[in-house]
Amino acid sequence: MTFFWFNLALFLELLATGGLIVFLIKQQKRIFRYSYRILLAGFIFHTIFLISHYLTLGTAPVLDLKSALSFFSWSIICAYLVFQVKFKLMILGSFVVPFSAFLMTVSSAMSWVEGPVKPIFKSFWLTLHVGTVFMGNGLFAIAFLAAIMYLIQENQIKNKNFGSFYKRLPSLATLDSINHYSLLTGFPFLTFGMITGSVYAQVALGKYWQWDPKEVWSLITWLFYAALLHERLAAGWRGRRAAIMSIICFCVLIFTFVGTSFLLGGYHSFSNLGAR
Amino acid sequence: MVKIIDIGMNHETASVEQRERLATGSDSISKTLAFMREIDCIREGLFLSTCNRIEALFTTDEAVEAKKSIISLMSKIGNIPEKELIPSLFVFEDADAVRHIMRVASSLDSMVVGEPQILGQVKEAYVLATREKTSGVIINRLMHRSFHAAKRVRTETEICEAAVSISYSAVELAKKIFHMLDGKKVLLIGAGEMAELAARHLIAQGVSSVVVANRTFERAVQVAELFDARAVSFEEIETQLCDVDIVVTSTASREYVVTYPQVKSAFKKRRNRPLFFVDIAVPRDVQPEVNKLANVYVYDIDDLKGVIELNKAQRQQEAVKAERIVQEEVFKFERWFKTLEVVPTIVSLKDKVEDIIQAELKKSHLSFSELSQDQIETIQTLMRSIAEKIINDPILYLKRKADRPTLNSYLDVTRNLFNLDQDSEDME
């Protein structure tokens, strides 16, 4: 049943992606409204899937890459829905939803890891750690996509070369402030996620910090975002430079998320988590 | 013979300093018109003064002397020695003057071709001329035909839309950069018609404060009054750059008014807030390199025109169409103007007929004594209508020949045929 919810969510999210891409081309609000409703339905089923998976496993469903990607995808949509309510920026969906649906598709292509979960993972701290980190990641994904949109739009205005995106993309100020807000909200989540992670490590492993590659890279990611946020708030960075920086930051984040597991190993890596 | 002459300077012939020294408010235009009225050799006059042009349009019988006195009048107004003034003046005569004033009214001679404000300014100049009673038959007719030409250019071509859409597209771009224009600050550097138009569009979109900088501070104050704005001197531009969001430049300066180092140093204080330059001036006021700075967007008039879908070939086509309309109107006016040459002959022809009627009535005076007043009047009417019928065809014929080069020989024949110059012959 759990996987039925997963497939249903995947199907609806892909449908919404199709709708939002058509919206990007045709610019008809009607198409957006339908796609948005489909997306909402998909999101609800995705949430049901996560809850049911959580109940089956007894812990947050993030222990293998398949589950982690699906959770990442869910948190991006969650962050997007919050931004949609706040900014009412329909076009953002045409960028965000395809991205999250892509992660979901990758996730669906992987096989399910079955088997019992180590008791060490059945901790409230893990759920809190993972939940906050992923929420932060979801918000940073929005910042990343807004930065890409910003660069496309800025390039057109700067070079006076108006393509078909000029009318469709929102103003530079809007994109910059989406980037700004998602960084501003994402950063506390990431920070809190790292603190709870280290508390969890203390509870479970008896050590706050043990130079695990993922820990190190998380710290590097955190420092990158901290630097960007500092420049934005203190030095008044904005626009193009901030957009490029937030794209770089997100690349570091993705490397931390996926790359470290495969390339660097450590107790955080999915293969170790899977061997439960 | 009456000549129509137009002497003046515009953004192409004169430097901005010279134009600003000559530019005058409506009070002093009235005074200038009064001076023109005092000059004996000038029959009719009109004085046009905007920030891009100062011109005097007048009719005269003694072209050379009239031109001299107008130039000396201008040199007095602007306090510029004639020697310095003359190279920056253009002089148009007759058909050229007619074409020029029609092109001005139709906004074909403007810095931004098609900008809509100039027609209003020309109309205002004409109203002042009628109020000062310096306009007469010829200027009245010429101005009305010019307004008609301007109206035709506006409705039959898309030239004016291009100008309006330039400031419209500037506003659209500003919205794509700033999203909302509420609370944004605008700096106007230089005060041309087009800058005013752009400023009006921006204010309509919610721009909260406007600052005007101009080389002559007085003019800055004048423009500032239009928008409830603040006037600053040219030297303060650099400080203003730290504060404003949109800069509209339209000076006629030959050098850059806003340079790369200026904007660069302002950006440290701006904390990278975006800055949008709309450069309507030709030649450009903003150094092109400024566009290379991060978060700075510089659009000159060609860039803005490029934004509009109307492509260049189409625009050239529209310009050709507009010039053709003006040419048509010039021809029509010329035809009317030439009939003025026929008028003295027609008048003397009518006078002669009237003289004959009066003389014959006097001769027959005695034989009329038995007739009643009514009968006498009937006879007079009869005489008049016969006489008028006889001279009607020659008059129409002359009017038809008015725009022919052989007109003079027709006039000679008429005068000899009817012996219109008998008085002068008698005197010889």
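Author: Start with one term: two residues are in contact if their C-beta atoms, placed from the backbone, lie within 7 Å. This is a predicted model, where local features need pLDDT of at least 70, side-chain atom pairs count only at pLDDT 80 or more, and totals for chains, interfaces and linings use all residues. Residues are numbered from 1 along each chain as its sequence is written, while chains are lettered from A and ligands numbered from 1 in the order in which they are written.

Reader: How many residues of chain A are in contact with chain B?

Author: 14 residues of chain A touch 15 residues of chain B.

Reader: Which helices of chain A supply at least two residues each?

Author: Helix H5 (124-159), helix H7 (172-205) and helix H9 (240-264) of chain A do. H7(A) gives the most, with 3 residues. Helices (H or I, at least four residues) and strands (E, at least two) are DSSP runs, numbered from the N terminus.

Reader: How do the residues on that side of chain A divide?

Author: Into 5 nonpolar, 4 polar and 5 charged. Here Ala, Val, Leu, Ile, Met, Phe, Trp, Tyr, Cys and Pro count as nonpolar, Asp, Glu, Lys and Arg as charged, and the others, Gly among them, as polar.

Reader: What is the secondary structure of chain A?

Author: Chain A has 10 helices and 0 strands. Of its 276 residues, 45% count as buried. Buried takes 20 or more other C-beta atoms within 10 Å of the residue's own; exposed takes 12 or fewer, and partly exposed is in between, with C-beta atoms placed from the backbone.

Reader: Now chain B. In what order do the strands of the parallel sheet come?

Author: The order is E7-E6-E5-E8-E9-E10 in chain B, 6 strands in an open sheet. Two strands pair if DSSP finds at least two bridges between them.

Reader: Which strands stand at the edges?

Author: Strand E7 (230-233) and strand E10 (296-300) of chain B. Each has a single partner strand, so one side of each is left without a neighbour in the sheet. The twist averages 20° from one strand to the next. Axes are lines fitted to C-alpha atoms, for helices over the stretch in contact, and angles run from 0 to 180 degrees between N-to-C directions.

Reader: Why is strand E5 of chain B largely enclosed?

Author: 4 of the 5 residues of E5(B) (residues 185-189) are buried, so the rest of the structure largely encloses this strand.

Reader: What does E5(B) pair with?

Author: With strand E6 (residues 209-214) of chain B, parallel, over 5 bridges. The chain gets from E5(B) to E6(B) through helix H9 (residues 193-204) of chain B, and this β-α-β crossover is right-handed. Right-handed means that, with the strands pointing away from the viewer, the path from the first strand over the helix to the second runs clockwise. E5(B) also pairs in the parallel sense with strand E8 (residues 246-249) of chain B, over 4 bridges.

Reader: Which residues are bridge partners there?

Author: B:Leu187 is partnered by B:Val211 in E6(B). B:Val186 is partnered by B:Ile246 in E8(B).

Reader: Switching to the antiparallel sheet: what is its order?

Author: E2-E3-E1-E4 in chain B, 4 strands in an open sheet. Strand E2 (42-49) and strand E4 (90-93) of chain B are its edge strands.

Reader: Which helix lies across E1, E2, E3 and E4 of chain B?

Author: Helix H3 (residues 63-78) of chain B, running at about 30° to E1(B). Helix H5 (residues 95-105) of chain B lies across E1, E3 and E4 of chain B, at about 50° to E1(B).
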